[in-house]
Amino acid sequence: MPKIRIVYDRVRTEEKMLEEKAIELGHDTKMVDAKVTQVNTESKKNDFDFGDVVLERCVSYFRGLHFTACLEFLDVPVINKYEVANNCGNKMITSLLLKKHNVPTPKTYFSFSHEAALENLEKVGYPLIIKPIVGSWGRGVIPLKDRETADAIIEVRELSDGPLDRIYYLQEMIKRPPRDIRVIAVGDEVISAMYRTSSGGFKTNIALGAEPILCEITKELEDVCMKASKAVGGGILGVDIMEDEKRGLVVHEVNNTVEFKGLSKVSKKNIPKEMIDFAIKQAIK
Amino acid sequence: MNCPECDAMLKIPDDAGVGEIVSCPDCGADFEIASKNGTTCQLKHAEKVGEDWGE
């Protein structure tokens, strides 16, 4: 019987769904709390019960990323791989990889000081969207519509002075309907897709109350998603797409520890089952 | 059981498991279920939402 372990730091609906499905499918299933797990440089795989494969599901990106590094050190198969988590967790790296692999993506500008960011804004023109390079649920994603707003947001960043705040990620504002598309890709397959319609503002995160509506998986959508998945290294991913009025589908984000509570309400396929089946296949490989 | 913060009654669902978060309806404090033995739970203060939390 294959052994699957789900590494968590906070059990959300998604982790419960994954655990329940893995048990239902007859797999030896255990939950592992990353917060109380100790690893050291002398650790060996047999010191732990990480089973045949691990699904890394920490809500904290850095915790999950570093835990994944430990799992790979122990030669434990983990989904997603460290490289994939790193590629997806940093929006700048994601944007660079998407462009490098010819995946349609919004034009994005990178500056490495607040002076350079302001200079770029003046040169390119308003509006641009400022996004923290690490972060989720739409936090810190703000449209800079004029110099006054830009000055205020950049001043706040200077005051908070986090190490990643010095990296300025400014993205063109896409002309699109007030929605985006979230696609779940598992391995070489697109599992499900939904429209996330804004509940008022310009953000479309389900975490902020956006309404999930099932989206048809067209050939174009499938092709773009698979290209985006390959660009970041593949695995279990949430690909976020906007519908540009001129260019068609553009990928703006790829998520590593994808949340699917919203999509599972409307999905035709059983998302946790697809994820567990994929993980088990990786363990057998 | 009672809220470790304000002593209000905390209702923990029977199917709640280790790692899940329960919130106190009175004071709003969040607790993580640290261990569970039958109907007895041990709670610890839940972590605050971090900048790197999410997908």
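How far apart do the C-alpha centres of domain 1 of chain A and domain 2 of chain A lie? In this predicted model, the two centres are separated by 34 Å. Chain A is divided into domain 1, covering residues 3-86, domain 2, covering residues 108-172, and domain 3, covering residues 175-280.

Helix H4 of chain A, which spans residues 91-100, has as its buried residues A:Lys91, A:Thr94, A:Ser95, A:Leu97 and A:Leu98. Because these residues cover an arc of only 165 degrees around the axis, they are placed on the same side of H4(A). The elements of chain A that cover the buried residues of H4(A) include the helices H3 and H7 (219-232), together with the strands S5 (108-111), S6, S8 and S13 (248-255). Just after H4(A), the residue A:Asn102 adopts a positive phi of about 55 degrees.

In general, two packed helices are described by the angle between their axes and the distance between the axes. For H3(A) and H4(A), the angle is about 100 degrees and the axes are 5 Å apart; since angles of 65 to 115 degrees count as roughly perpendicular, H3(A) is therefore roughly perpendicular to H4(A). The contact is formed by A:Asn86, A:Asn87 and A:Cys88 on the side of H3(A), and by A:Ile93, A:Thr94 and A:Leu97 on the side of H4(A). By class, this contact of H3(A) with H4(A) comprises 3 nonpolar and 3 polar residues, with no charged residues. A:Thr94 and A:Leu97, which take part in the contact with H3(A), are also among the buried residues of H4(A).

The contact between the chains takes 19 residues from chain A and 10 residues from chain B. On the side of chain A that touches chain B, strand S2 (28-33) and helix H2 (61-73) each supply at least two residues, and the residues of this side divide into 9 nonpolar, 7 polar and 3 charged.

Most residues other than glycine have a negative phi, and most peptide bonds are trans. A cis peptide bond, with omega near 0 degrees, runs from A:Ile79 to A:Asn80, and A:Asn80 lies in the loop between strand S4 (78-79) and helix H3 (82-89). A cis peptide bond also joins A:Tyr126 and A:Pro127, with omega of about 0 degrees; A:Pro127 is placed in the loop between helix H5 (114-124) and strand S6 (128-131).

A:Trp137, although not a glycine, has a positive phi of about 60 degrees and is located in the loop between S6 and strand S7 (142-144). This residue is partly exposed, because 16 other C-beta atoms lie within 10 Å. A:Asp161, likewise not a glycine, has a positive phi of about 50 degrees and belongs to the loop between helix H6 (147-160) and strand S8 (168-172); with 8 other C-beta atoms within 10 Å, A:Asp161 is exposed.

A:Lys246 occupies the loop between strand S12 (236-244) and S13, and counts as exposed because 7 C-beta neighbours are found inside 10 Å. Although A:Lys246 and A:Arg176 are 70 residues apart in sequence, the two are 9.1 Å apart in space, C-alpha to C-alpha.

Terms used
Residues are numbered from 1 along each chain as its sequence is written. Chains are lettered from A and ligands numbered from 1 in the order in which they are written. This is a predicted model: local features need pLDDT of at least 70, side-chain atom pairs count only at pLDDT 80 or more; totals for chains, interfaces and linings use all residues. Helices (H or I, at least four residues) and strands (E, at least two) are DSSP runs, numbered from the N terminus. A residue is buried if 20 or more other C-beta atoms lie within 10 Å of its own, exposed if 12 or fewer, and partly exposed in between; C-beta atoms are placed from the backbone. The arc is that of the directions from the helix axis to the C-beta atoms. Two residues are in contact if their C-beta atoms, placed from the backbone, lie within 7 Å. Ala, Val, Leu, Ile, Met, Phe, Trp, Tyr, Cys and Pro count as nonpolar, Asp, Glu, Lys and Arg as charged, and the others, Gly among them, as polar. Domain bounds come from an automatic or database domain assignment. Axes are lines fitted to C-alpha atoms, for helices over the stretch in contact, and angles run from 0 to 180 degrees between N-to-C directions. Angles under 35 degrees count as roughly parallel, over 145 as roughly antiparallel, 65 to 115 as roughly perpendicular and the rest as oblique.
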